[in-house]
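Opening the notebook on this one. I'll jot things down in the order I looked them up.

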Amino acid sequence: MKAKGKSLASKGLTIAGVLLAMGLLIWSCGPREGAQEGTAVQQIIKQRNLDPDDVKAALETYMPPGRPDPYLIFMSGGHSGQVIVAGLPSMRILKVIGVFTPEPWQGYGFDDDTKAMLKASSPQGETLTWGDSHHPNLSQTNGDYDGQFLFINDKANARVAVISLKDFTTHQIVRSELMNSDHGGTFVTPNTEYIIETSQYPVPIGGTYAPLNQKSFDDKYRGIAVFWKFDRTKGLIDKSQSFAIELPPYMQDLSDAGKLASYGWSFTNSFDTERAYGGDMEGKPPLEQGASQNEYDYLHVFNWKKAAEVAQQDGKYRMVDGMRLIPLKVAAEEGILYFVPEPKSPHGVDVTPDGKYICVNGKLDTHVTVFSFAKIKAAIDAKKFEGRDPYGVPIIAFKDALHGQAEIGLGPLHTQFDGRGYAYTSLFIESKVAKWSLETLKVVEKIPVQYNVGHLCIPGSNTEHPWGQYLVALDKWSIDRFKNVGPLLPQDEQLIDISGEHMHLLYNMPLGVGEPHYAQAIRSDLVKPWSIYKMGTNALTHEIDPNATPSEDKARIERHGNVVDVYMTEVRSHMRPDIVEVNQGDTVHFHVTNIEQTQDATHGFGVGEYDVNLSMEPGKTANVTIVVNRPGVFPFYCTEFCSALHLEMAGYLLVKPTGATSTASAR
Ligand code: RUQ
Ligand code: CUA
């Protein structure tokens, strides 16, 4: 891990050379001033001890005030459960979207609707407060990003979330009882017909119990692939039109959808075809060892078009937890599932932009194995199989599917494409990114990264038309890159320029709010969010909320028995009503509307000690319910510094103890 320190001479660059190339030595405005400006810049460079590469990288990533970044990157937040949005190339964070974890700033998980959504996506009797977000996928139309939706999976609890890019908020979280953990999600098909989610660790189907011994593991434990149907007009997943496929108890890993030549198909790599399940205290090898014995595991090849048809045919599926499940036997017989041997516990499967090749990253093997979809299809059409796995799934011979193998290096994990004929593969063990040619399958260049790189992200890589200008390396370790902030180090997201013949590093972004597993990036101009909400919009449904209070004269308090409805408006700089008096034990529904239509005029609504916290963007209506069992006087206030009189934007919630006299009558 060598520290950066290059002599100018060894780089063959000079500061003046870089500045000249960048047009920073401005002689045109008169030799005198120009010379002075040039000197001023050179002084900064000297004072800050920068070298020519630093200066070049700084100039290439700097975004002047008011100029938005040309790309948006959506990074998963790992077990923070969130999605982090940043701009490229500046790497400035723009937003952290609350997804599987409540997010106080956005009031996410605090209002009735998002609270209910998080609860409904939890197992019976639980309200999960975290998730492990892994693989964001942008919605596609005709194989390219359309800028409308983002999906992400929760590995820990096997959930899938839908985020609308109209307001960058989470709109739906679904979960299937069929699996307890996932990993191969959320990969979309080229028209976002389906969102693919495959399980990681096999369990007995449907959340049931079965003992853990080899026979039980083989017979009762199963992997699952879910194809969630996406209803684009509603912007929601339709569980009733979704279907699942039962898989052997291997550990399915990552997925990718075919496109163009391979449209209608999808691919999932796997490990642990050994069917090891641990047991190191019972005299068995630990899982890592047991699962790494076989020379080959199986690439799962799905005909999802066919599966969608079969899932509609009576007798060919069974219903489990409200979902159509195609049994393994049917999947094998109907030509829905095939296996192709893939070397040694691989990780990550990536389909090339033309849809012709499927790249499987070696992990324990130094190659990226490139399979030809045409060859796979030919073998399937000719029914040319080398046998069947213990569950009856036809196996296509390795050589009959192989296009070629690229010798990449140690620990290949994930591959991205630049759309110009090159692939880029992360090398976890080497801490490098390898650029290689899809034509020759030869490495052309490697660049070191700091350190232990997992996923990579090239904007548009999984579409038919990648924008191959930048690559972001998502590094797990950042030792020696940033100021030590204690034993929990930030992650390191490294921006690399791949537009030229050689890759060069532009920026190291420390990320201390989650662990990005994967990221996808899109050209910013393709995302067209709202700037404000239409008056009275419920941010979850995107419809006018039935409790919206669109003007101050409609603000009111209604009491029905011991239920109190407070219809409140907010506008700079007051709430109406600003005194809410209720009785101990009442159920209080606050229906708050920010009646402003000015961009960025966001208010908040916080009631201390009752855990009430709403973010009220212009035009938004949000509802929150509390049962006031503790008497007392509770100030409420606007939590966003909205105006000069923000501190005055406050009021009182009076919870009258049983038997006390009313404040109102005393006034
Ligand atoms: S993967 S550990 Cu995306 Cu490399 Cu999940
Ligand atoms: Cu409204 Cu502060």
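How much area is buried between domain 1 and domain 2, and what share of it do carbon and sulfur atoms give? I get about 420 Å², with 56% from carbon and sulfur atoms; buried area here is the accessible area (1.4 Å probe) that two parts lose on being put together, summed over both. On the domain 1 side, Ala57, Glu60 and Thr61 supply 90% of what that domain buries against domain 2, more than any other three residues.

Ground rules before I go on. I'm working with a predicted model, where local features need pLDDT of at least 70 and side-chain atom pairs count only at pLDDT 80 or more, while totals for chains, interfaces and linings use all residues. Residues are numbered from 1 along each chain as its sequence is written, chains are lettered from A and ligands numbered from 1 in the order in which they are written, and side-chain values use heavy atoms, with hydrogens and water left out.

**Domains.** I checked the bounds, which come from an automatic or database domain assignment: domain 1 is 9–61, domain 2 is 71–526 and domain 3 is 537–656. The C-alpha centres of domain 1 and domain 2 are 44 Å apart. I find 4 residues of domain 1 in contact (heavy atoms within 4.5 Å) with 9 residues of domain 2.

**Ligand 1.** Next I listed the residues with a heavy atom within 4 Å of ligand 1. They are His134, His135, His183, Leu254, His347, His414, His455 and His517. That shell splits into 1 nonpolar, 7 polar and no charged residues.

**Salt bridges.** The overall count is 27. I picked out glutamate 334 with lysine 316, at 3.1 Å from N to O. This pair links distant parts of the chain, 18 residues apart: glutamate 334 sits in the loop between α9 (328–333) and β18 (337–343), and lysine 316 in the loop between α8 (304–310) and β16 (318–320). Helices (H or I, at least four residues) and strands (E, at least two) are DSSP runs, numbered from the N terminus.

I noted a cis peptide bond joining glycine 185 and threonine 186, omega about 0°. Threonine 186 is in the loop between β7 (169–175) and β8 (187–188). Arginine 576 to proline 577 is also cis, omega near 0°, and proline 577 lies between β37 (574–576) and β38 (579–583), in the loop. Serine 345 isn't a glycine, yet has a positive phi of about 45°.

Definitions and conventions: Nonpolar A, V, L, I, M, F, W, Y, C, P; charged D, E, K, R; others polar. Salt bridge = Lys/Arg side-chain N within 4 Å of Asp/Glu carboxyl O.
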